[in-house]
Amino acid sequence: MKLWGGRFTKETNALVNEFNASITFDRRFYRQDIEGSIAHAAMLGRTGIITDEESRRIIDGLKGILADIESRKLVIGTEYEDIHTFVEANLIERIGDTGKKLHTGRSRNDQVALDMRLYTREQIKETDRELFELENVILTIMKANVDAFMPGFTHLQKAQPVTVAHHFGAYFEMFRRDRGRLSDIYKRMNYCPLGAGALAGTTYPLDREFTAKALGFTAPTANSMDSVSDRDYLIEYLDALALIMMHLSRFSEEICIWNSNEYQFIELDDAYSTGSSIMPQKKNPDIAELVRGKTGRVYGALMSLLTVMKGIPLAYDKDIQEDKEMSFDAMDTTDACIRLFTDMIRTMKFRYDRMEDSAKKGFTNATDAADYLVRKGIPFRDAHGIIGSLVLTCINRQCALDDLPLEEYKKACPAFDQDIYEAISLKTCVDKRLTPGAPGPGAMQQEIAASENYLKENPAMK
């Protein structure tokens with residue numbers, strides 16, 4: 001069955017039918033398409049465009065189709081052009097000519113625009129729920145690791161001592177911003193295109209406010225041409241997914257580094273690692289690597305849709321059908337990545353001894369040693385040079401600043417005394433950093449408390 005064809009005198013080429021059809025991917029819209037049709041049928045009956053009895057029969061028929069699809073009594077076949085054709089054809093088969101009245105005052109253009117919005121709206125909620133769970137796991141790790149010292153890095157070089165809590169807190173902030181973006185997109189997109197028709201509305205007295213409210217939208221969309229051709233909200237969502245994947249990819253890169261034999265900061269749970277077909281000793285961080293790799297796939301969806309939309313004149317053009325497959329893939333990929341990444345970090349173990357030893361041997365306390373001299377009245381630029389020379393001495397001796405004898409300190413500068421060792425201990429270095437956002441315990445507890453409040457005030461979308 002086609003929803004068109006009256007002005008055509010010959011059958012569409014079979015290859016064209018196959019090329020044009022979208023049923024293989026838009027069938028995942030079945031629920032949204034039926035819910036939108038139920039709201040439309042209710043409105044048609046309410047406004048007297050069709051009778052109450054016709055409206056009731058259509059709605060009952062649609063509910064029956066939905067129940068049969070979900071119970072698998074009814075299979076969505078690929079012989080139909082799209083999900084709209086499938087639903088309407090089955091409705092007519094079940095209730096007769098009354099089913100043909102469902103499409104009154106509606107076009108496939110506003111119908112598919114509605115379906116995509118309804119589907120994307122649910123997907124935004126799902127992504128937010130996954131991020132909320134990830135943030136809770138990160139917060140749990142932060143709480144347990146306020147005093148777990150590790151090196152902080154710049155340029156992948158050990159820089160200054162931080163804590164595991166502080167490091168994970170940085171990712172908490174990234175995912176907080178991601179959730180904020182999702183919330184903004186949801187609010188901006190939550191307007192109903194149903195009733196826009198093909199592009200110019202309709203002569204029927206539709207109640208667009210009624211259908212918008214019935215489907216949980218803030219209001220109807222304002223312009224019918226924009227209603228059927230807008231995919232800004234989907235581009236925004238793909239952009240948000242790309243940023244989420246970027247954050248996950250950065251985190252995954254660090255997991256891979258920390259898991260390496262050279263670092264051994266963490267040990268991944270066996271359930272989230274794989275082995276080698278030839279090397280028995282291998283335990284590979286495949287989940288982290290796949291998350292890192294799949295980031296490009298989500299970036300590709302964003303760039304593809306931007307490219308599709310860049311040259312489309314108003315209003316609807318068939319190019320817009322290309323919004324679906326790439327977007328579905330990006331949505332599925334991102335949600336799966338968040339879910340697996342969350343479980344991976346939930347189950348991994350920290351090697352605190354290795355982290356602390358790495359922070360010491362990486363001279364992450366060198367800045368604090370220079371600050372020690374500054375407090376003794378030595379200009380920072382001179383202190384910087386003195387500590388640099390002491391670091392070189394340590395490299396030659398293969399020891400940490402903590403292990404260098406006091407006489408070597410005094411050779412470099414007489415201002416050094418026995419208290420240098422306390423001043424450069426990792427605990428002192430971290431504890432003294434108390435400015436908001438720093439790794440010191442006081443500042444860190446404030447950050448944790450603020451993060452807890454944020455999660456309480458911003459629960460997962462329902």
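This is a predicted model: local features need pLDDT of at least 70, side-chain atom pairs count only at pLDDT 80 or more; totals for chains, interfaces and linings use all residues.
The largest pocket holds about 480 Å³ of space. It is lined by 20 residues, and those closest to its centre are Gly152, Phe153, Thr154, His167 and Glu254. Strand 1 (149-154), strand 2 (157-163), helix 7 (164-189) and helix 10 (232-259) each contribute at least two residues to this lining. Sorted by class, the lining of the largest pocket consists of ten nonpolar, six polar and four charged residues.

The second largest pocket holds about 310 Å³. Its lining has 13 residues, of which Asn259, Ser260, Asn261, Gln264 and Lys283 are the closest to the centre. Here the classes are three nonpolar, six polar and four charged residues.

Helix 13 spans residues 352-361, and its buried residues are Met355, Ser358 and Ala359. These lie on the same side of helix 13, because they cover an arc of only 100° around the axis. The buried residues of helix 13 pack against strand 1, strand 2, helix 7, strand 6 (349-350) and helix 18 (426-431). On the face of helix 13 turned away from the buried side are the exposed residues Asp353 and Lys361. Phe363 follows helix 13 and has a positive phi, near 55°.

The aromatic residues come next. The whole structure contains 16 aromatic pairs. In one of them, Phe29 and Tyr119, the ring centres are 5.6 Å apart and the planes stand at 65°, so the pair is edge-to-face; the cut-off for that class is over 60 degrees. Phe29 sits in the loop between helix 2 (23-26) and helix 3 (30-46), while Tyr119 belongs to helix 6 (residues 108-144), so the pair ties together parts that are 90 residues apart in sequence. Phe29 counts as buried because its relative accessibility is 0%. Tyr119, at 9% relative accessibility, counts as buried too.

Tyr80 and Phe86 form an edge-to-face pair as well, because their planes are at 85°, with ring centres 5.3 Å apart. Both Tyr80 and Phe86 are buried.

Beyond these pairs, one aromatic cluster is made up of Phe168, Tyr171, Phe251, Trp258, Phe341, Phe350 and Tyr352.

Methods
Residues are numbered from 1 along each chain as its sequence is written. Side-chain values use heavy atoms; hydrogens and water are left out. On a 1 Å grid over the protein atoms alone, a cavity is a set of points where a 1.4 Å probe fits but cannot get out, and a pocket is an open set with protein on both sides within 12 Å along at least five of seven lines; lining residues have an atom within 4 Å of a point. Grid points are joined across faces, edges and corners, and a volume is the space filled by probe spheres set on the points. Helices (H or I, at least four residues) and strands (E, at least two) are DSSP runs, numbered from the N terminus. Ala, Val, Leu, Ile, Met, Phe, Trp, Tyr, Cys and Pro count as nonpolar, Asp, Glu, Lys and Arg as charged, and the others, Gly among them, as polar. Buried means under 20% relative accessible area, exposed over 50%, partly exposed in between (1.4 Å probe, protein chains only). The arc is that of the directions from the helix axis to the C-beta atoms. Contact means heavy atoms within 4.5 Å. Rings of Phe, Tyr and Trp (its six-membered ring) pair if their centres lie within 6.5 Å; planes under 30 degrees apart count as stacked, over 60 as edge-to-face and the rest as tilted.
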